[in-house]
Amino acid sequence: MQLAEKFGTMMVALLAFIAVIGLILFLVAVLEKRGVRRVAWFFVGPTALLLLVGLVYPAARTVVRSFFDAANDAFIGLDNYSAIFTSPDQLVVLRNTVLWVLVAPFVATAVGLLYAIIVDGARGEGFAKALIFLPMAISFVGASIIWKFVYEYRFYDPDLAVNPQQIGLLNQVVVWLGGQPQQFLISEPWNNLFLIVVMIWIQAGFAMTILSAAIKAIPADIVEAARLDGVSGVRMFRFITVPTIRPTLVVVLTTIAIGSLKVFDIVRTMTGGLFGTSVVANEFFTQSFSAGNQGLGAALAVLLFVLVVPIIVYNIRQLRASEAR
Amino acid sequence: MTTTGPQLDLSGMQQPSDTRDGRPATIAEATKKRLSSPWASLVAVVLAVLWTIPTFGLLISSFRPARDISTSGWWTVFTDPNFTLENYELVLSPEGTNSLAPYIINSLVIVIPGVLIPIMIASLAAYAFAWMDFKFKNVLFVAVFALQIVPIQVTLIPLLSLYADIGIAGTFWSIWLSHTMFGLPLTVFLLHNFIREVPKELLEAARVDGAGHVTIFFRLMLPILKPALAAIGIYQFLWVWNDLLVALTFAGSSQNVAPMTVALFNLTGQRGSQWFLLTAGAFVSIIIPVLVFLSLQRYFVRGLLAGSVKG
C-alpha cells in the first residue's frame, strides 16, 4: 500500500510536470503559427523562475538573516561574523576547514597523477583505473561508513591479559605491528586527518581520470623533441609533463578544493562534528538546526559563499587558459 | 554537483579525440622508461590495494553473522569462513524494525523525477540560450552560469520556511523541487555547451522549411542531444542518489520520505553502531549508482567527447 502510494505520488508529479511543459510548448506553437516571433521567454521562463525562487531569493534572505541575532529579534550588524573569527569553538572550525582545503586537494591530486602515469599503457589499465575510480560513484555517506569500519575501535586495556579482538582493520594493523589500538576518530587534532583521508580516497579517482586524459593529449612532437634533447624519466615529468598539463592540474586542484571547502556529509556521518572536527558547512547545519542559532548559521553559510568565490574565479580563469590552447 | 561539474566536464574535453591510430601516449611512455621500474609497479599495486581493501572489508562483513561482525575482524573469514545472507534479508524485507526497504523505495521515488524534471526544463532553456535571440539573453546566461557558485547551504533555511508556507514541507514535492532548482544552473550550462556545437545551419535549414521552435526542439535537438542528456543524467543521478544535505533538511528522518542516505546516516549515529545493518545497507545503496555508472559509462565518455568536437 505504502509502495503504491509513493509511486502514485511520483506518477502524479511526473504527469503534472508533463502537463505544464506541454501547455507551455502548445502555447509557443500556437503563437508561432500566428506569426509571433518572441517565444524565447517560454523556453527560458521556467528556469528563470525556479532559479529566482530557489536560489536568488533564499540567498538574499540568508544574507539579511546573518545580520540578526539568534532569535531573529535584533539587528546586530556584523556580530555573527566576528563571532566566527573570535569564539574559540568557531576558530577550531576555521582551522579544520583550512586543513581540509590544503591537504585534501594536494594529496588527492598527487596520488591521482602518480597513479595515472604508472598505469598508463600498462596491461589492464582500464581495470586498474576502475579500482581507483569506483569510489567516485559511492555516496559520501557510503564512503564514510566504509572508513568508519576501518577506523573502528574496540575497548583495550594494556593491563588486561585478554582484550577483545579489534574489528577495524587499521587498529588490527596497529596491533600486528605491536602498538596499542587508537580511537582514530576521537583523538584531537589527528582525527581531522583521518576524516580527510576519506575525501582523498574519493577524489583521487577524479584527479586520475582527468589528468590521465590530459597526459594522453600532450602532443607527440613535444615529447619527441625533448627526447632528442636527451630528456627522460623524472626530468621529462618535471620539465615537460607537469608544465604542459599545468592548467588541468590547477583545475583539478581547485575543483577538489571547492569540494573540500563545502564538505558536509563526511564530517556529519563520521563524527557529527564532535571531538574538534567540525567544518564550516557542518557548523552551519549544527547552528541552524540543533544549536538554535540561525543568525550564526546564516553567517557561516555566507562565509562559505565568500570563501568559494575566489577559488572558482581562479578555476574559471585557468579553464579559459586551458581551453585557449 | 553545484560546482564540481563544469570543471569535470570541460577538463574532459582535453581528452584526445582518439588514440586509435596506434600511437600510444608517448609522454607517459617516455616518463615510464624511468618510472616503470619494479618500484613503480609496486607503488601502483599498493595504491590499488589501499583503495580497494576498505570496500572489500565492508562487503565481506555484510555477509557475516551479526555476532561475528562485532566480535572478530572480517579478515578472520579466511581462516574461519562463516557466511550468511541474513543481514540482507533483514535490510530488504518489506516489514520489520530493521527493514531499510521503505528508504530504498524513497530513494527511487526521489531520484526519478529528480533527474528527469531538471534536465527537461534545462534543455528548454539551453536551447533558447544557444539558438534563439531575446532581450537580456547574455545577462541572463551569465547569471545562470554564476549561480553555480551559490553553495546550497545559503538557500536551505529560507526554502524550508517557504515550503512550510505553501504546505509541502516534509513531502517528496519539496525534495523534487529542491533538486530541480539546485541542478538547473549546471545542467543549463552544460547542455548549452553541447547545443552550441551543433551546426547552426541545421537550425536555419529547418526554419526555412517552416518548422517552428517546438518542432525543431523535439525532432532535431533532442535526438542530437541524446548522448549529452545521458551523460548529464548520470551526473544528476549520482548527485541526487548520493545527496545527504538536501534530504536531511527537507525530508527529516521520516520513513515516508527520507532516502537511503538519511537512513544510513541515522544508523551510524546510534550507539554501538549496528554493523550488521550498516554493512548490508551501505552495499545496497552503493550497488545501484555503481551499476548505473558502469552500464552508462559509454555515454558518459562519449558525451564528454561530443562537447569537445569544436573548431
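This report walks through a predicted model with a chain A and a chain B.

Residues are numbered from 1 along each chain as its sequence is written, while chains are lettered from A and ligands numbered from 1 in the order in which they are written. Since this is a predicted model, local features need pLDDT of at least 70 and side-chain atom pairs count only at pLDDT 80 or more, whereas totals for chains, interfaces and linings use all residues.

**Confidence**

Let us begin with how the model scores. The ipTM is 0.89 and the pTM is 0.87. The predictor's confidence in each residue, on a scale from 0 to 100, is called pLDDT. Chain B averages a pLDDT of 81, and 83% of its residues score at least 70.

| Stretch of chain B | pLDDT | Contacts in the model |
|---|---|---|
| Residues 1–25 | below 50 | 64 contacts beyond near neighbours in sequence |
| Residues 303–311 | under 50 | 23 contacts beyond four places in sequence |

Helices (H or I, at least four residues) and strands (E, at least two) are DSSP runs, numbered from the N terminus. Chain B has 14 helices and zero strands. A residue is buried if 20 or more other C-beta atoms lie within 10 Å of its own, exposed if 12 or fewer, and partly exposed in between, with C-beta atoms placed from the backbone. By that rule, 49% of the 311 residues of chain B are buried. Of the contacts in chain B between residues at least 6 apart in sequence, 75% join residues at least 24 apart.

Where do the two chains meet? On one side are 99 residues of chain B, in contact with 106 residues of chain A. Helix α6 (residues 101–131) of chain B supplies the largest share of the chain B side, 15 residues. Sorted by class, this side holds 65 nonpolar, 29 polar and five charged residues. Here Ala, Val, Leu, Ile, Met, Phe, Trp, Tyr, Cys and Pro count as nonpolar, Asp, Glu, Lys and Arg as charged, and the others, Gly among them, as polar.

**A tour of chain A**

Chain A is divided into domain 1 (14–65) and domain 2 (87–324), with bounds from an automatic or database domain assignment. The C-alpha centres of these two domains of chain A lie 39 Å apart. An unreviewed UniProt entry lists residues 94–315 of chain A as "domain: ABC transmembrane type-1". That span of chain A is 71% helix and 0% strand, and its end C-alpha atoms lie 22 Å apart.

Helix α13 (residues 280–290) of chain A is largely enclosed by the rest of the structure, because nine of its eleven residues are buried. Among them are V280(A), F284(A) and F285(A). After α13(A) comes G292(A), whose phi is positive, near 70°.

Is P219(A) buried or exposed? P219(A) counts as exposed because it has 12 C-beta neighbours inside 10 Å. This proline is found in the loop between α8 (191–216) and α9 (220–228) of chain A.

**The nonpolar core**

A nonpolar core is a set of buried Ala, Val, Leu, Ile, Met, Phe, Trp, Tyr and Cys residues joined through C-beta atoms within 7 Å. In the largest one, with 180 residues, Y115(A), A207(A), L211(A) and A125(B) touch the most other members. Helix α8(A) gives the most to this core, 18 residues. Leaving out residues up to four places away in sequence, A207(A) touches A108(A), T109(A), G112(A), L113(A), V252(A) and I256(A).

Terms used. Two residues are in contact if their C-beta atoms, placed from the backbone, lie within 7 Å. UniProt positions are given in the numbering used here, feature names are shortened, and annotations may be inferred rather than shown by experiment.
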